[in-house]
Amino acid sequence: MVVVSATTAAEKPKKRYPGEAKGFVEEMRFVAMKLHTKDQAKEGEKEPQGQPIAKWEPSVEGYLKFLVDSKLVYDTLESIVEKAAFPEYAEFRNTGLERSASLAKDLEWFKQQGHAIPEPSSPGINYAQYLEELSEKDPQAFICHFYNTYFAHSAGGRMIGRKVAEKILNGKELEFYKWDGDLSQLLQSVRDKLNRVAENWTREEKDHCLEETEKSFKCSGEILRLIMS
C-alpha cells in the first residue's frame with residue numbers, strides 16, 4: 001500500500017494553464033483578453049477608463065502622431081526580426097503582417113493632403129528603444145510584444161481605424177488596415193510559428209513571456225492615446 005500511495009503522489013496531475021491544451025498562443029491570447037476592458041471584449045476584466053472608443057473625438061493631428069509613433073514601432077520590430085539576435089526571430093520575417101510599408105504610404109497620402117507630418121514623440125521613441133533592448137537579451141519577453149502588437153492591430157486596431165476614419169477621414173480606409181492575402185491565413189501561419197518556437201521553452205520561460213503582457217498593453221496604450229491628443 002505504501003508503495004502504491006507514493007507512486008500516486010508522484011503522478012499528481014501537473015497544473016494546466018488556461019489555453020495550454022491548444023498551444024502557447026492560446027495562453028497568450030487568454031492573458032491578453034483578460035487585460036481588455038469590459039467594453040472592449042466579453043472576456044475583458046478591466047474597468048473602462050476614460051471615454052469608450054465609440055465616443056472618442058479624434059483629431060487629424062492626434063491621429064498623425066499615432067500613425068508616426070506606430071510606424072517607428074513597426075520599423076523597429078521589422079528590423080529586429082531581420083537582424084535576428086536570437087535565431088528564432090528569423091521565423092517571423094516576411095509574415096505578411098508587416099505594417100511599415102503600409103504606414104509609409106499612408107503618411108505620404110496625408111502629406112499630399114497638405115498635412116504636416118510630425119516627428120515621433122516620446123511614447124513611440126520610448127517603446128522602440130525598450131523593444132531594441134529587450135530583443136538583445138530577453139527573447140521570451142520580446143516575443144510577447146511581437147505577438148500583442150501584430151495581433152491586436154489585426155483585431156481591435158482595425159475597429160479603431162474604422163471609427164476614426166468615419167469621424168475624420170470621410171470613411172477612407174488607410175493602407176495600415178489592409179493586408180495582401182487572406183488575413184486569417186496570415187495570422188494562423190504566425191500562430192503556428194509562435195507555437196513551434198514556444199515548444200522549446202521551459203514552463204518558467206513561458207510564464208516569463210506571459211508576465212510581459214501587461215507591459216506590452218501599457219506601451220501600446222500610450223501610443224493609442226495619442227489619437228486623442
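## Salt bridges overall

A search of the whole structure finds 11 salt bridges, each defined as a side-chain nitrogen of Lys or Arg within 4 Å of a carboxyl oxygen of Asp or Glu. Side chains of opposite charge can pair when their charged atoms come close.

The model is predicted, with local features requiring pLDDT of at least 70 and side-chain atom pairs counted only at pLDDT 80 or more, while totals for chains, interfaces and linings use all residues. Residues are numbered from 1 along each chain as its sequence is written, and side-chain values use heavy atoms, leaving out hydrogens and water.

## The network around Arg203

Salt bridges link Glu20, Glu27, Arg203 and Asp207 in a network. Within this group, Arg203 pairs with Glu20 at 3.8 Å, N to O. Helices here are DSSP runs (H or I, at least four residues), numbered from the N terminus. Glu20 has 15% relative accessibility and counts as buried (under 20% relative accessible area; exposed is over 50%, partly exposed in between; 1.4 Å probe, protein chains only).

Arg203 also forms a salt bridge with Asp207, at 2.9 Å, N to O. Both residues lie in helix α8, 4 residues apart, about one turn of the helix.

## Lys167 and Glu57

The side chains of Lys167 and Glu57 form a salt bridge at 3.7 Å, N to O. This pair also links distant parts of the chain, 110 residues apart, with Lys167 in helix α6 (residues 139–168) and Glu57 in the loop between α2 and α3 (60–83). Lys167 is partly exposed at 37% relative accessible area, whereas Glu57 is exposed at 59%.

Conventions. Helices (H or I, at least four residues) and strands (E, at least two) are DSSP runs, numbered from the N terminus.
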